[in-house]
Amino acid sequence: MELNTHLKIDNTLNGEVIELKEGYAKIALKTTEVMVADAEGLVHGGFCFGAADFAAMAAVNDPFVVLAKSEVKFLAPVKVGEEVVFEGQVTENDGRKFTVSVTGCVGEKRVFTGTFYTAVLKQHVLSL
């Protein structure tokens, strides 16, 4: 399956698509020094959120998908050098509205969970 959304996203900051199926996406985020928030090597949560959002958008996979709302939990810290794998799965589809469940794991350890509420617009959001 081909990716149809977020085609210009910076994959070094938001993760790479490693699997894509109807209603499902898997994104791998390789954390680097530019993501570090402190001297201990803690990765800023915004990078994890960005990759999780990308997983949700890719799971819907429409060029005009936008995020309307999210409810997320950061379950464990991520340290620079770790790879976080985010899986987005569409759990509800009400026409142009999609709910996507996203989890993020470092190995077997779950570090992130969230629900992303998206909408597919009839045209690009900047054209409205």
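**Stop one: charged pairs**

Start by selecting Glu 71 and Lys 69: their side chains meet in a salt bridge, at 3.4 Å from N to O. (A salt bridge here is a side-chain nitrogen of Lys or Arg within 4 Å of a carboxyl oxygen of Asp or Glu.) Glu 71 is partly exposed at 41% relative accessible area, and Lys 69 is partly exposed too, at 45%. For the cut-offs, buried means under 20% relative accessible area, exposed means over 50%, and partly exposed is in between, with a 1.4 Å probe and protein chains only.

Before you click on, note that this is a predicted model: local features need pLDDT of at least 70 and side-chain atom pairs count only at pLDDT 80 or more, while totals for chains, interfaces and linings use all residues. Numbering runs from 1 along each chain as its sequence is written, and side-chain values use heavy atoms, leaving out hydrogens and water.

Next, select Glu 19, Lys 21 and Lys 26, which are linked in a network of salt bridges. Lys 21 pairs with Glu 19 at 3.5 Å, N to O, and Lys 26 pairs with Glu 19 at 3.8 Å, N to O. How exposed are they? Glu 19 is partly exposed at 28% relative accessibility, Lys 21 is partly exposed at 45%, and Lys 26 is partly exposed at 22%. The count by this rule is three salt bridges.

**Stop two: helix 2**

Now pick residues 45–60, which make up helix 2. (Helices are DSSP runs of H or I with at least four residues, strands are E runs of at least two, and both are numbered from the N terminus.) Helix 2 has 16 residues and reaches 23 Å from its first C-alpha to its last, close to the 22 Å expected at 1.5 Å a residue; that expected span is 1.5 Å times one less than the number of residues.

Buried or exposed? Twelve of the 16 residues of helix 2 are buried, so the helix is largely enclosed by the rest of the structure. Among the buried ones are Cys 48, Phe 54, Met 57 and Val 60. Step past the end to Asn 61, which follows helix 2 and has a positive phi, near 60 degrees.

**Stop three: the core**

Select Phe 86, Val 100 and Val 102: these have the most contacts inside the largest nonpolar core, which has 31 residues. (A nonpolar core is a set of buried Ala, Val, Leu, Ile, Met, Phe, Trp, Tyr and Cys residues joined through side-chain atoms within 4.5 Å.) Strand 2 (24–30), helix 2, strand 4 (83–94), strand 5 (97–106) and strand 6 each give two or more residues to this core. Helix 2 gives the most, with ten residues.

Zoom in on Val 100. Leaving aside neighbours within four places in sequence, Val 100 is in contact (heavy atoms within 4.5 Å) with residues including Ala 56, Ala 59, Val 60, Val 90 and Phe 116.

Then hop to Thr 118 in strand 6. Thr 118 is buried, at 3% relative accessibility. Leaving aside neighbours within four places in sequence, its contacts include Met 57, Val 60, Leu 67 and Phe 98.

**Last stop: a surface patch**

Finish by selecting Val 125, Leu 126 and Leu 128, a nonpolar patch on the surface with about 360 Å² of accessible area together. Leu 128 lies in the segment after strand 6 (109–120) and is exposed, at 67% relative accessibility. Patches are made of residues with over 30% relative accessible area and no salt bridge; like charges are joined within 9 Å, and nonpolar side chains (Val, Leu, Ile, Met, Phe, Trp, Tyr) within 5 Å. Accessible areas come from the Shrake-Rupley method with a 1.4 Å probe; for residues, only the protein chains shown count as cover.
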